[in-house]
Amino acid sequence: MFSKGQIIFGIIFFIVFAIIIAYTYRKDFKLHKRFYAGSVWVLIAFIAFILFISAIKFFFK
């Protein structure tokens with residue numbers, strides 16, 4: 001389906017992309033802590049909401 005060159009390019013692209021994302025995240029870590037301090041609670045609420053909807057669907061099927 002993919003040629004050998006396309007697979008190699010995809011792997012190299014993924015590795016370089018992950019390194020760049022990690023570098024920029026580390027560079028902006030102090031800003032993330034300052035501006036997004038409560039974002040963990042939003043994530044927890046979102047996951048809880050999804051679990052709640054799934055439980056409703058499971059029990060009232």
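Trainee: What share of the 61 residues in the protein chain is buried?

Mentor: A residue counts as buried when its relative accessible area is under 20%. In this predicted model, buried residues make up 0% of the 61 residues in the protein chain. The chain exposes about 6,400 Å², and carbon and sulfur atoms supply 78% of that area.

Trainee: How many helices and strands does the protein chain have, and in what pattern?

Mentor: The secondary structure comes to 3 helices and 0 strands. Read along the sequence, the pattern is α-α-α. The radius of gyration is 20 Å, well over the 10 Å that the globule rule gives for 61 residues, so the chain is more spread out than a compact globule. Along its principal axes, the C-alpha trace spans about 50 × 40 × 10 Å.

Trainee: Where is lysine 33 found, and is lysine 33 buried or exposed?

Mentor: Lysine 33 is in helix α2, which covers residues 29-35. Exposed means over 50% relative accessible area. Lysine 33 is at 57% relative accessibility, so lysine 33 counts as exposed.

Trainee: What separates the C-alpha atoms of lysine 33 and phenylalanine 60?

Mentor: These two residues are 27 residues apart along the chain, and their C-alpha atoms are separated by 41 Å. Phenylalanine 60 lies in the segment after α3 (39-59). Phenylalanine 60 has a relative accessible area of 71% and is therefore exposed.

Trainee: Which residues form the nonpolar patch on the surface?

Mentor: Phe60 is one of them, and the others include Leu43, Phe46, Ile47, Phe49 and Ile50. Together the residues of this patch have about 1,300 Å² of accessible area. Phe58 and Phe59 also belong to the patch, and both are exposed.

Trainee: How many aromatic pairs does a search of the whole structure find?

Mentor: Two rings pair if their centres lie within 6.5 Å, and planes over 60 degrees apart count as edge-to-face. The search finds 4 aromatic pairs. One of them joins phenylalanine 58 and phenylalanine 59, at 5.2 Å centre to centre with 75° between the planes, so the pair is edge-to-face.

Trainee: Which residues do ring pairs link into a cluster?

Mentor: Ring pairs link Phe9, Phe13 and Phe17 into a cluster.

Technical notes
Residues numbered from 1 in each chain as written. Predicted model: local features only at pLDDT ≥ 70, side-chain atom pairs only at ≥ 80, totals over all residues. Heavy atoms only, no water. Phe/Tyr/Trp six-rings, centres within 6.5 Å; stacked < 30°, edge-to-face > 60°. Buried < 20%, exposed > 50% of the residue type's maximum accessible area, 1.4 Å probe, protein only. Patch = residues over 30% accessible without salt bridge, like charges linked within 9 Å, V, L, I, M, F, W, Y side chains within 5 Å. Areas by Shrake-Rupley, 256 points an atom, 1.4 Å probe, with all protein chains shown as cover. Salt bridge = Lys/Arg side-chain N within 4 Å of Asp/Glu carboxyl O. Helix = DSSP H or I, 4+ residues; strand = E, 2+ residues; numbered from the N terminus. Rg over C-alpha atoms; globule rule 2.2 N^0.38 Å.
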